[in-house]
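Here is a friendly walk through a nonpolar surface patch and the salt bridges. Have the sequence and structure open as you read.

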Amino acid sequence: MSAIASVRPVSVPETRPALRLVRSPKTQRSLAPFILTMVFYLVAALGTTLYLNTVMAVTSYEIRDTRAALVELSETQQTLRAEVEALGSPDHLRAAASEIGMVPAPMTFIMNLEHGSITAVPEVAPK
């Protein structure tokens, strides 16, 4: 070791000011923002619930009305279907044709579209 390495610099004591605890000033916290926030959330939740309940009630009435209309239309359809079947019966068609002056054809013709032929079938028409 050398003599220079063994020499240490002399530290000069620095005078520091004495440390003391600084307390933060007490703040007066108001509960008003918290209460207003909670009231807002409560009113929003109740309003949303009321809105959804109203929408569900309106939808329920619409479903009921639609079902009633569906029942009525089904009854009308059945009535019309029965009327069409009655008007399309052979007896009714025969009576309607004779009222307007039509007579039964003396012969029935059969067309075969595959062969392109027409065949006559003689038939005695009832009078």
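A residue counts as buried under 20% relative accessible area, exposed over 50%, and partly exposed in between (1.4 Å probe, protein chains only). This is a predicted model, where local features need pLDDT of at least 70, side-chain atom pairs count only at pLDDT 80 or more, and totals for chains, interfaces and linings use all residues. Residues are numbered from 1 along each chain as its sequence is written, and side-chain values use heavy atoms, with hydrogens and water left out.

Let's begin with Phe 34. It sits in helix α2, residues 32-87 (helices are DSSP runs of H or I, at least four residues, numbered from the N terminus). Phe 34 is exposed because its relative accessibility is 53%. Together with Leu 31, Ile 35, Met 38, Val 39, Phe 40, Tyr 41 and Val 43, Phe 34 makes a nonpolar surface patch of about 860 Å². Such patches join nonpolar side chains (Val, Leu, Ile, Met, Phe, Trp, Tyr) within 5 Å, from residues with over 30% relative accessible area and no salt bridge. Accessible areas come from the Shrake-Rupley method.

Now to the charged pairs. The structure holds two salt bridges, each a side-chain nitrogen of Lys or Arg within 4 Å of a carboxyl oxygen of Asp or Glu.

Asp 65 is partly exposed, because its relative accessibility is 43%. Asp 91 and Arg 94 both belong to helix α3 (residues 90-99), three residues apart, or about one turn of the helix. Asp 91 is exposed at 56%, and Arg 94 is exposed at 55%.

Key
Patch = residues over 30% accessible without salt bridge, like charges linked within 9 Å, V, L, I, M, F, W, Y side chains within 5 Å. Areas by Shrake-Rupley, 256 points an atom, 1.4 Å probe, with all protein chains shown as cover. Helix = DSSP H or I, 4+ residues; strand = E, 2+ residues; numbered from the N terminus.
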